[in-house]
Amino acid sequence: MESNKAPKGLIVDLITPLDDKGDIDNGGLGSLLKRVLPYADAILLASPQMGEGSGLSLTLKTELLKKAAAFIQGRIPIFFWISGDSVENTEKTLALLEDLLKSYSYKGEVFWFDSPLYYHSNRGLYDHYQDLTLNTKYPFVLYNDPGLVNLLERPLKRCNIRTSILKNLAEIGKIKALIFRGSLTRVNNYQKALNRRPDVRVYDGDEDRFLEYPSMSGVLSIGANIAPRIWSNVTKASLGMLEEDREKGDYLHQIWEMGKLLKDLKTIYNPNPVWTIKKSLVDLNIIGFHACTSATQPYYEKDNILTGFISTHAID
Amino acid sequence: MGRVSRLIQQAREVLQIEAQGILDLIERIGPEFEQAVEMILDSKGRVIFTGIGKSGLVGRKIMATLNSTGTPSLFLHPVEAVHGDLGMVTADDIVIAISNSGYTRELVNILPILKNLGVKLIAFCGDPESPLAKESHLFINVGVEREACPLGLAPTTSTTAALAMGDALAVVLINRKQFNRKDFKRFHPGGSLGDRLSIKIKEVMFTGDRIPLVAIDQTVMETIFEVDKKKLGASLVVDNSLILLGIVTDGDIRRALLHWKDIAGLEVAKIMSKSPKMIDEEKKVSEAVTLMEHNAISVLPVVDKLKRVKGIVHLHELLGGKEFRVNGIQ
């Protein structure tokens, strides 16, 4: 099923709950989705950051999509990271996941979330997407994250999609959105490149940027794993979707305080978001294990400050 | 030093975001903008802006721009609208409703009433799927990709974009209406022109020997001499008590020549206009200008309550670039 437009608002970059054997923690996934779904406009699964996608086997990815889709049941769109370490592996992942959804006759909206420069150069990217989009009925969300590409430590490799290439990519109808991390100047140029496609959304991939200068499409949020209600309120306020509430006397004060709280929260989880957030979700009895993939470095600290912060501020 | 630099950097970012918001509108302007212009030009009514909060303020500014450039315009507050102000709206009017989200409750509430009144509705809005966009006859997309203020505390780029689009509309209307300097002066009675137009006629009219005057029993030739001498293109015709009986203009003389051929010896009463427009010396210059423009005349006798001639004014003198030659120091 091809969606007309990607959703506007809060996209939660969901952690992947794993049990101590390294399998998907089904109970944890269900509890987490139950907590997050009422506030999210879309869920991102197996992302390279919070979803630990680069450390998940294809089997685990398949399992994750199967279990999450069964829980979500089309209530909100699913974004799923398909990028592998090569074109072949990306195509293989896509084909497998596509077959899975087909076999379950999944009726909900799904967007393939792809970081093209993770496995492909700018050269020939248009042709690559022409091929890739032919092999699926689902639309795509591109992810431009120079930090992710830099992790690959490939010298001389460009870490941003070139603006002229993006302009060409915008001709491909199945590309419905871009999640962006990088400079304001670059995002402005990207916006210009996408001017002919007003239906393409450009989300902020950087929470700080969104909290300062919000994109009117929405944000990809890490912190929403632990503070989904507050992130939802702040996102809606930033997108001008709470106009009626503005008349309430302390509305601006409340939103201001929420924004400040989210910034404070981020300073706590920022050094190692996956491990810190998983640990707090365990402390809060939302997931059963704080197991991570080998791609995530353990981050030991005497007390989990995040859990204390969440309790002190009654964050839900 | 570091703090100042951060402040400047932030200010630059805000300007960059707002500038981009306007630049994005350029490619987005399409046929619906042209249709909006034509709709306004074809309308016999006024352009009424409506909006809440900062969108309302933007509406008021665009209204002021349209008014000062020849497009009659009003502002309707959506809340006051349902408490009686809808009475200002007629079926001939066009309503431009401004809301970035297009969901503003107070605005959406009055849309059915406005449509019921038969007005044409134009949405200045950022969401084509919003109730405002869907209920309107025309949707002008003033959406922006990024606000420059955190947490939606205050609209920034979106109001700037709406304002810029309003200016685009006003300027296009100026050009289409061939609005000129004279029109602009008429709608800007502030400054020196305002001073001119607000003073009394008796303070600026030509008086005494500057008034072209002939008696009712004088000839046309004598009248021509008087018109030529006083250089106002006309002469007033009076009785012995200086009561205004008529006026003879260059045009009257030309028409008389075509009719009688030899007019030199004719009495002026034969060719004069017997019901000339006139104005009281106590009236303001602005009223004289309006009277002359509405009747397509360039000179106007000034009289007292008994219709005695007290002076005369010429349109060009009233609106011309020179300052008035005030009585007594002409």
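View 1. A residue is buried if 20 or more other C-beta atoms lie within 10 Å of its own, exposed if 12 or fewer, and partly exposed in between, with C-beta atoms placed from the backbone. Helices (H or I, at least four residues) and strands (E, at least two) are DSSP runs, numbered from the N terminus. Keep in mind that this is a predicted model, where local features need pLDDT of at least 70, side-chain atom pairs count only at pLDDT 80 or more, and totals for chains, interfaces and linings use all residues. Residues are numbered from 1 along each chain as its sequence is written, while chains are lettered from A and ligands numbered from 1 in the order in which they are written.

View 2. Now turn to Thr90(A), Thr93(A), Leu94(A), Leu97(A) and Leu101(A), which are buried in H3(A). They cover an arc of only 100° around the axis, so they end up on the same side of H3(A); the arc is that of the directions from the helix axis to the C-beta atoms. Here's a handy rule: an α-helix has 3.6 residues a turn, so residues three or four places apart point the same way. What covers the buried residues of H3(A)? The cover includes helix H2 (58–72), strand S3 (78–81), strand S4 (110–114) and helix H4 (125–134) of chain A.

**View 3. How far H3(A) reaches, and what follows it.** Helix H3(A) runs over residues 87–103, and its 17 residues should span 24 Å at 1.5 Å a residue. That expected span is 1.5 Å times one less than the number of residues. The end C-alpha atoms of H3(A) are 24 Å apart, which agrees. Just after H3(A), Ser105(A) takes a positive phi of about 50°.

**View 4. The partners of S3(B).** Two strands pair if DSSP finds at least two bridges between them. Strand S1 of chain B (residues 47–50) is joined to S3(B) by four bridges, and the two run parallel; here Ile48(B) stands opposite Val95(B). Strand S4 of chain B (residues 120–125) also runs parallel to S3(B), with six bridges joining them, and Ala97(B) stands opposite Ala123(B) in S4(B). To get from S3(B) to S4(B), the chain crosses through helix H5 (residues 105–117) of chain B, and this β-α-β crossover is right-handed. That label applies if, with the strands pointing away from the viewer, the path from the first strand over the helix to the second runs clockwise.

**View 5. Where chains A and B touch.** The contact takes 21 residues from chain B and 23 residues from chain A. Two residues are in contact if their C-beta atoms, placed from the backbone, lie within 7 Å. Helix H1 of chain B (residues 2–28) gives the most to chain B's side, with six residues. By class, that side of chain B has seven nonpolar, seven polar and seven charged residues. Ala, Val, Leu, Ile, Met, Phe, Trp, Tyr, Cys and Pro count as nonpolar, Asp, Glu, Lys and Arg as charged, and the others, Gly among them, as polar.

**View 6. Ile243(B) in its loop.** Ile243(B) lies between strand S7 (234–238) and strand S8 (244–249) of chain B. Is Ile243(B) buried, exposed or partly exposed? Ile243(B) counts as partly exposed because it has 13 C-beta neighbours inside 10 Å. Leaving aside neighbours within four places in sequence, Ile243(B) is in contact with Val238(B), Leu306(B), Lys307(B) and Arg308(B). Gln16(B) is 227 residues away from Ile243(B) in sequence and 70 Å away in space, C-alpha to C-alpha.

**View 7. Two loop residues with positive phi.** Gln73(A), in the loop between H2 and S3 of chain A, has a phi near 50°, a positive value in a residue other than glycine. Gln73(A) counts as exposed, with 11 C-beta neighbours inside 10 Å. Ala296(B) isn't a glycine either, yet has a positive phi of about 55°. Ala296(B) is in the loop between H12 and strand S10 (299–303) of chain B, and is exposed, with 7 other C-beta atoms within 10 Å.
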